[in-house]
Amino acid sequence: DSQKAAAVILEALESAMYIIDTQREELGRLDAVAGDGDHGIGMQRGLTAAVDAARKVRAAQAGAGTLLTAAGDAWAACAGGTSGALWGVMLCSLGHVLGDTVMPDTATVATGVATALSEVKQRGKAQPGDKTLVDVLQPFAAALDQAVARGISVAVAWKDAADVAHDAAQKTRDLLPRIGRARPHAEKSIGTPDPGAVSLALVIGSVGEVIRR
Ligand code: ADP
Ligand code: MG
Ligand code: MG
């Protein structure tokens, strides 16, 4: 049921918070190459606020959808920056699709991630190839969609799609930023992966470790 899903999602957010804590300086370094260097601190602030909000919702026995939307709202309010607003959009989109009633299956999770992708594109106006987190979110959503057709569990589907996300983040190295704060110094960023793409792949990977248990 959704209570069980809420417990797993809280654990997943906590696990994401720990990995981002350890990678905060590296993410800041990546963002300083062509951006303003605040991506590590922004992700840490956003996830800390999201976990805090999720713990409160969980203590009140709410379901997965309510937990995700509360976490997304807190993230957007506290993180600042472009990525903070977009992470808020992603968690809220996922929360609206998962809802509060049943344990989400692979098809529901895939629809949730696909909705998050379309909302992020609508809000941020980035297209694939612009060197943003969309370059990870889009192939991740596509991999989950393929898993639905293959009829596999959420845990296995997420693990396979997390590998796709990791590779996609590394591939942003070769891209030239066409949107966001890195655009004015675009050529400096060649050879360095997009910080928002890297952090999204890190979060997806740490969530996968939790779902697998
Ligand atoms: P800011 O750029 O406001 O300082 P962050 O440093 O926290 O915010 O986040 C930067 C990351 O946000 C980029 O690496 C990129 O992945 C992502 N990003 C920036 N603009 C957009 C956009 N319009 N659409 C999607 N992602 C974006
Ligand atoms: Mg920045
Ligand atoms: Mg900034």
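Modeller: Let us start with Arg29, which has its place in helix H1 (residues 2-34); helices (H or I, at least four residues) and strands (E, at least two) are DSSP runs, numbered from the N terminus. This is a predicted model, in which local features need pLDDT of at least 70 and side-chain atom pairs count only at pLDDT 80 or more, while totals for chains, interfaces and linings use all residues. Residues are numbered from 1 along each chain as its sequence is written, and chains are lettered from A and ligands numbered from 1 in the order in which they are written.

Colleague: Why is Arg29 counted as partly exposed?

Modeller: A residue is buried if 20 or more other C-beta atoms, placed from the backbone, lie within 10 Å of its own, exposed if 12 or fewer, and partly exposed in between. Arg29 has 15 other C-beta atoms within 10 Å, so it is partly exposed.

Colleague: How is the span of a helix judged, and what does H2 show?

Modeller: The expected span is 1.5 Å times one less than the number of residues. For the 21 residues of H2 this gives 30 Å, and the end C-alpha atoms are 30 Å apart, so the two agree. Helix H3 (residues 64-79), with 16 residues, reaches 22 Å from its first C-alpha to its last, close to the expected 22 Å. Of those 16 residues, 13 are buried, and H3 is mostly covered.

Colleague: Which residues of H5 are buried, and what covers them?

Modeller: The buried residues are Thr106, Val109, Ala110, Thr111, Gly112, Val113, Ala116, Leu117 and Val120. Their cover includes H4, H6 and helix H7 (154-171).

Colleague: How do H4 and H5 pass each other?

Modeller: Axes are lines fitted to C-alpha atoms, for helices over the stretch in contact, and angles run from 0 to 180 degrees between N-to-C directions. The axes of H4 and H5 come within 8 Å and cross at roughly 145 degrees. Two residues are in contact if their C-beta atoms, placed from the backbone, lie within 7 Å. Among the residues that meet are Leu86, Val89 and Met90 in H4, and Thr108, Thr111 and Gly112 in H5. By class, this contact has 9 nonpolar, 6 polar and 2 charged residues; Ala, Val, Leu, Ile, Met, Phe, Trp, Tyr, Cys and Pro count as nonpolar, Asp, Glu, Lys and Arg as charged, and the others, Gly among them, as polar.

Colleague: How many residues surround ligand 1?

Modeller: A residue is near a molecule if its C-beta atom, placed from the backbone, lies within 6 Å of it. There are 24 residues around ligand 1, the closest being Gly81, Ser83, Gly124, Gly180 and Gly196. Helix H2 (39-59), helix H4 (81-98), helix H5 (106-124) and helix H8 (195-212) each give two or more residues to this shell. H4 provides the largest share, 4 residues.
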